[in-house]
Amino acid sequence: QVQLAESGGGLVQAGGSLRLSCAASGRSFSSHDMGWFRQAPGKEREFVATISWSGGTTYYADSVKGRFTISRDNRKNTVYLQMNSLKPRNTGFYYCNAVTGVVPLTDQFAAYVYDYWGPGKQVTVSS
């Protein structure tokens with residue numbers, strides 16, 4: 001079992017920045033690829049970013065490339081999502097998640113490949 005808990009969400013004006021954190025406990029965190037998804041009201045969850053177990057490889061949705069950065073600290077069992085130049089369309093509930101199987105990073109845009117999800121954290125970007 002892997003337990004995940006997001007923190008760091010909130011309200012920010014367009015153009016501002018926020019950093020989300022996701023603390024993991026349970027099975028070995030450092031052996032799992034980790035990802036972030038967003039769900040806007042009335043819409044399905046959509047992929048934001050993913051990072052390999054070592055932190056050496058990352059993959060982003062086109063809509064956030066150059067503005068968001070995913071990173072991890074395996075000593076702290078934590079994955080981060082730094083969000084800069086935020087836009088109102090980035091508003092939503094943000095979820096961190098973990099992959100326990102062997103899935104190519106470029107296939108991790110699909111929600112079904114993730115085995116564990118955190119409860120989510122609201123991010124609201126005002127215009």
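A nonpolar core is a set of buried Ala, Val, Leu, Ile, Met, Phe, Trp, Tyr and Cys residues joined through side-chain atoms within 4.5 Å. Buried, in turn, means under 20% relative accessible area, whereas exposed means over 50% and partly exposed lies in between (1.4 Å probe, protein chains only). The structure is a predicted model, in which local features need pLDDT of at least 70 and side-chain atom pairs count only at pLDDT 80 or more, while totals for chains, interfaces and linings use all residues. Residues are numbered from 1 along each chain as its sequence is written, and side-chain values use heavy atoms, with hydrogens and water left out.

The largest nonpolar core holds 35 residues, and those that touch the most other members are L4, W36, L81, M83 and Y94. Two or more residues of this core come from each of β1, β3, β4, β5 (46-51), β7, β8, β9 and β11. Strands here are DSSP runs (E, at least two residues; helices would be H or I, at least four), numbered from the N terminus.

Several of these strands belong to an open sheet. Four strands make up this sheet in the order β1-β3-β8-β7, with antiparallel pairing; two strands count as paired if DSSP finds at least two bridges between them. At the edges stand β1 (2-7) and β7 (68-73), each of which pairs on one side only. On average, neighbouring strands of the sheet are turned by 15 degrees against each other, direction ignored; the axes are lines fitted to C-alpha atoms, for helices over the stretch in contact, and angles run from 0 to 180 degrees between N-to-C directions. Within the sheet, β3 (residues 18-26) and β8 (residues 78-83) run antiparallel and are joined by six bridges. L20 stands opposite L81 of β8, and L81 is also among the core residues named above.

A further set of pairings involves β9 (residues 92-99), a mostly covered strand with seven of its eight residues buried. Seven bridges link β9 to the antiparallel strand β4 (residues 33-39), and G35 has N97 of β9 as its bridge partner. N97 also has a bridge partner in β10, namely W117; β10 (residues 116-117) and β9 run antiparallel and share two bridges. With β11 (residues 121-126), β9 pairs in the antiparallel sense over three bridges, and Y94 stands opposite K121 of β11.

The loop between β8 and β9 contains N90. N90 is buried, with a relative accessible area of 0%. Apart from neighbours within four places in sequence, N90 is in contact (heavy atoms within 4.5 Å) with R38, R67, F68 and V125.
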